[in-house]
Amino acid sequence: MGKVLQLFDGLINAMSGTGTAKDARSYNQHQAVALTQYQIDAAYRGSGLMRKIIQIPAMDAVREWRDWKLEADQITLIEAEEKRLAIRQKVRQAEVLRGLGGGALILGLPGNPDQPAPAAAKGSLAYVHVVSRWHLTFDALQDDARLPGYGEPAMWAMQAGTGPVKIHPSRVIPFRADTSASLAMPATSPADAFWGESTVAQVLDAVQDSDMARSAFAAMLHKARLTRIGIPDLMGIAATPGGEASLQKRMQAVAIAESIHNATIYNAGDPETGKGGETITDATYSFAGAKDMINAYAEFVSAISDIPATRLLGRAPEGMNSSGDSQQKDWKKLVRARQELDIGPCIQRLDEYLVPSALGMTPDGQWFDWAPLDTPDQKETAERFKLHAEALNVIANMGIMPERALAKGAQSLLIDEGYMPELEAALAEIPDDERFGIEPANDPQLEEGGDPASTGMGGDPEPPPIRAKVAANDAAPRSLYVRRDLINGQEFIAWAKSQGFETTLDAGDLHVTIAYSRQAIDWMKVESGWDSEDGTLTVPPGGARIVEPLGDKGAVVLLFTSSTLSWRHENIIRAGASHDFDQYQPHVTISYKTPEGLDLSKVEPFRGKLIFGPEVFEELDADWTGKIEES
């Protein structure tokens, strides 16, 4: 009979016993213990750290919710339906239950609960309820891989006041926990195999260790300072009649004097031998390193739960020059993956009834995208827009992209990024040939089959912003002054008069300066601006507005913000223009004389729209101030 050999991979050291039967590690083994509903509930209720581990992913997954890719009126109806049914809140609750072992959404659809759900229709979704896995039971799983619903219950049952109620699987959307382990090793029960392992079970050991370290440290705080009292022949005195009462009287006096400290009594010697005597000493304990130990346990919990310490523990990032951005980026990627892989399939089943219930029909294509977890501020949006604009301009100047395709791509980019509100609706009203093509109206050369590139100044006086112009290299350099005139100047002057300005610039002289270059540059190297179709620029009402003096010559201006103007100024500077100031601040000059007796701090800034005309390119005029009129 042949021998059966057992082969082991690993390091063996016969002298130390490493890797042999003498190695204590050889007796280590992992053991899977299934937690009951009550154990999971106790861990969730009893540990604040465990509660955050379960709630944080659920909250972050629905925090920004969804961006719908439908018509505006359709979005309004769907959002109203979501609000009526509290969908966002209930998805969050279902995600919390997923972390506790599993949960489900019960759909209130017409017909008997044990029958397949009917086709979705307007107003067909009456309610959506959230239940945990322990509210639901099933007899068997669908085990025929050739049929729909393989691996899911053939029929659900839920306990009601009148007894168990059967519910068809088409009316139940389960939010299952981690089922990976049950795929590798059959679970102890069909229910555990279907629902999977809870997050509580996966992080319980690490959380218990962290909680124990914290509670053990808290229990030792009372020993930070301890008074020790030594009494000679303590045991002998306690054994004599009345000795115990004498000791209590003595200790009462000591306790009054040391009432704010703990005290420990010990035998200090034998008075008959002359050795020892009553002593009172203080013992101080050091807890150096306790914080590091507690933090080490907490960091391990963060690693096991896959939640950054900055998010889970609410503390500042550690390390030199660390801002925590990398941790937050990794966390956002993980949340997005959970949205797509875990919540997405559940939401898709819900939307099959939610969307038709709101609209009365099922739209084509993809209905929504998950909203970004971060909302960029105005500066970040402007910088992103600028990078996109520069990239499009480079592609246009390379001449490798058909202009119609470039126009479609650029317009899609602007719409998807949301740079220009209502742009999609405005473009939808324009015929495709005009929207995407380069077909100037009433151009005789085009009618004769001529080349659009050879038409010179014919056709549209101003090409659409998408059609970037190739910079010319033969224009004579000259100084440059770029401005936009204020179109609604009369409205602006009426405001200035109401605030106490006796004289202001004439309405035709009101403007915003974009660039002021004393250095001569080639104007043709300045890219065209991204204006509206008529070349105007509107700064929306509100925002930062300040009235204050500018310079030391008495001029008073209205300061405002505009990422478009700031970007345009920077773009012209990059083309070679000079500038007299380190920073560009858009402003409209109100008057070149500060009114006497007018307290500018009490002036209410102009809050309305600022409508500026097309850009005007001029050479610098040394006598420009003499041509300005005040009225």
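## Briefing: backbone, salt bridges and surface

Ala 86 counts as partly exposed, because its relative accessibility is 22% and the partly exposed class lies between the buried limit of under 20% and the exposed limit of over 50%. The model described here is predicted.

**Positive phi angles**

- Ala 86 is found in the loop between helix 3 (72-85) and helix 4.
- The phi of Ala 86 is positive, at about 55°, although the residue is not a glycine.
- Asp 306 likewise is not a glycine and has a positive phi, of about 65°.
- The loop that holds Asp 306 runs between helix 10 (290-305) and helix 11 (309-312).
- With a relative accessible area of 46%, Asp 306 is partly exposed.
- As background to these two cases, most residues other than glycine have a negative phi.

**Packing of helix 2 and helix 4**

- Helix 2 (residues 48-62) and helix 4 (residues 87-99) have axes that come within 9 Å and cross at roughly 150°.
- This angle makes helix 2 roughly antiparallel to helix 4, because angles over 145 degrees fall into that class.
- The crossing in which helix 2 passes helix 4 is right-handed.

**Salt bridges: count and a buried pair**

- The model contains 19 salt bridges, where a side-chain nitrogen of Lys or Arg must lie within 4 Å of a carboxyl oxygen of Asp or Glu.
- One of them joins Arg 66 to Asp 351, with 2.6 Å between the closest N and O atoms.
- Arg 66 belongs to strand 1 (residues 66-68) and Asp 351 to helix 12 (residues 325-359), so this bridge ties together parts that are 285 residues apart in sequence.
- Arg 66 and Asp 351 are both buried.

**Salt bridges of Arg 574**

- Arg 574 and Glu 390 form a salt bridge through their side chains, at 2.8 Å from N to O.
- Because Arg 574 lies in helix 19 (residues 563-574) and Glu 390 in helix 13, the pair links parts that are 184 residues apart in sequence.
- What is the exposure of the two partners in this bridge? Arg 574 counts as exposed, at 53% relative accessibility, whereas Glu 390 counts as buried, at 18%.
- Arg 574 also forms a salt bridge with Glu 570, the closest N and O atoms being 3.6 Å apart.
- Glu 570 and Arg 574 both lie in helix 19, and their separation of 4 residues is about one turn of the helix.
- Glu 570 counts as partly exposed, since its relative accessibility is 31%.

**A network of salt bridges**

- Asp 60, Arg 63, Glu 64 and Arg 311 are linked in a network of salt bridges.

- Ala 577 lies in the loop between helix 19 and strand 19 (587-591).
- A relative accessible area of 7% places Ala 577 among the buried residues.
- The C-alpha atoms of Ala 577 and Ser 517 are 5.2 Å apart in space, while the two residues are 60 residues apart in sequence.

**Nonpolar surface patch**

- A nonpolar patch on the surface is formed by Val 394, Met 398, Ile 400 and Met 401, which together have about 390 Å² of accessible area.
- Ile 400, one of these residues, sits in the loop between helix 13 (378-398) and helix 14 (403-417).
- Ile 400 counts as exposed, because its relative accessibility is 60%.

How values were computed. Residues numbered from 1 in each chain as written. Predicted model: local features only at pLDDT ≥ 70, side-chain atom pairs only at ≥ 80, totals over all residues. Heavy atoms only, no water. Patch = residues over 30% accessible without salt bridge, like charges linked within 9 Å, V, L, I, M, F, W, Y side chains within 5 Å. Areas by Shrake-Rupley, 256 points an atom, 1.4 Å probe, with all protein chains shown as cover. Helix = DSSP H or I, 4+ residues; strand = E, 2+ residues; numbered from the N terminus. Buried < 20%, exposed > 50% of the residue type's maximum accessible area, 1.4 Å probe, protein only. Axes fitted to C-alpha atoms, helices over the stretch in contact; angles between N-to-C directions. Parallel < 35°, antiparallel > 145°, perpendicular 65-115°, else oblique. Left-handed = near helix turned anticlockwise from the far one by under 90°.
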